[in-house]
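Visitor: I am new to this structure and would be grateful for a close look at a single part of it. Please take the aromatic rings and explain how they pair.

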Amino acid sequence: MSALEQAILTWIHLVSAAIWVGGSLFIGIVFSPLLKTMTNSIEERMQIMIRVGRRFNKIAVPSLIILMATGLYSSHMLLGKPELLVATSYGTFLIIKIILVIALIIIYAIHVRVIRKDIEEKIMSNQMPEPQIQKLRKKIIILGEITVMLSVAILFFASLLDAGV
């Protein structure tokens with residue numbers, strides 16, 4: 001692969017990471033706390049968060065897929081040589097990053113399962129009792145926090161790989 005092709009691949013990978021991680025951090029650190037100041041109603045906050053989540057997922061999920069595809073493509077040479085994966089720090093960091101990505105996918109799948117379409121519809125039509133919404137909200141917050149922590153950890157390991165540590 002030429003230097004220009006590698007640069008374009010890295011750029012696509014970084015833009016996708018910015019969308020996925022940046023968007024997740026924005027929702028958790030900026031939007032969610034701001035939402036508390038907009039309304040006291042937990043139902044309204046959940047309804048707004050569902051709308052934001054749906055919209056974010058339209059760009060976040062493709063970004064995550066692109067991240068994984070470009071990451072796998074960038075590391076395919078090393079992945080084809082298993083002895084290098086365990087014999088080098090680069091290989092060890094790559095294995096850790098892959099494990100973190102798998103964990104991220106699992107947590108994201110659980111998040112999607114927890115707030116599936118029928119649950120969203122109940123919330124949007126005010127057909128879910130507040131205690132149930134509170135319980136659901138706690139699960140969503142925990143899953144979101146884990147998603148952000150995993151995403152930031154993955155970025156850290158990406159920087160280690162990029163630095164050739």
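Guide: What follows is an account of the aromatic pairs. This is a predicted model, in which local features need pLDDT of at least 70 and side-chain atom pairs count only at pLDDT 80 or more, while totals for chains, interfaces and linings use all residues. Residues are numbered from 1 along each chain as its sequence is written, and side-chain values use heavy atoms, with hydrogens and water left out.

A pair of aromatic rings is described by the distance of the centres and the angle of the planes. Rings of Phe, Tyr and Trp (its six-membered ring) pair if their centres lie within 6.5 Å; planes under 30 degrees apart count as stacked, over 60 as edge-to-face and the rest as tilted. By this rule there are three aromatic pairs. One of them joins Trp20 and Tyr108 edge-to-face, at 5.5 Å centre to centre and with 75° between the planes. This pair links distant parts of the chain, since Trp20 lies in helix α1 (residues 3–38) and Tyr108 in helix α4, 88 residues apart. Helices here are DSSP runs of H or I with at least four residues, numbered from the N terminus.

Another pair is formed by Phe156 and Phe157: their ring centres are 5.6 Å apart and their planes stand at 80°, so this pair is edge-to-face. Phe93, Phe156 and Phe157 form one aromatic cluster.

As to accessibility, buried means under 20% relative accessible area, exposed over 50%, and partly exposed in between (1.4 Å probe, protein chains only). Trp20 is buried at 3%, and Tyr108 is buried at 15%. Phe157 is likewise buried, at 15%, whereas Phe156 is partly exposed at 48%.

Terms used:
Helices (H or I, at least four residues) and strands (E, at least two) are DSSP runs, numbered from the N terminus.
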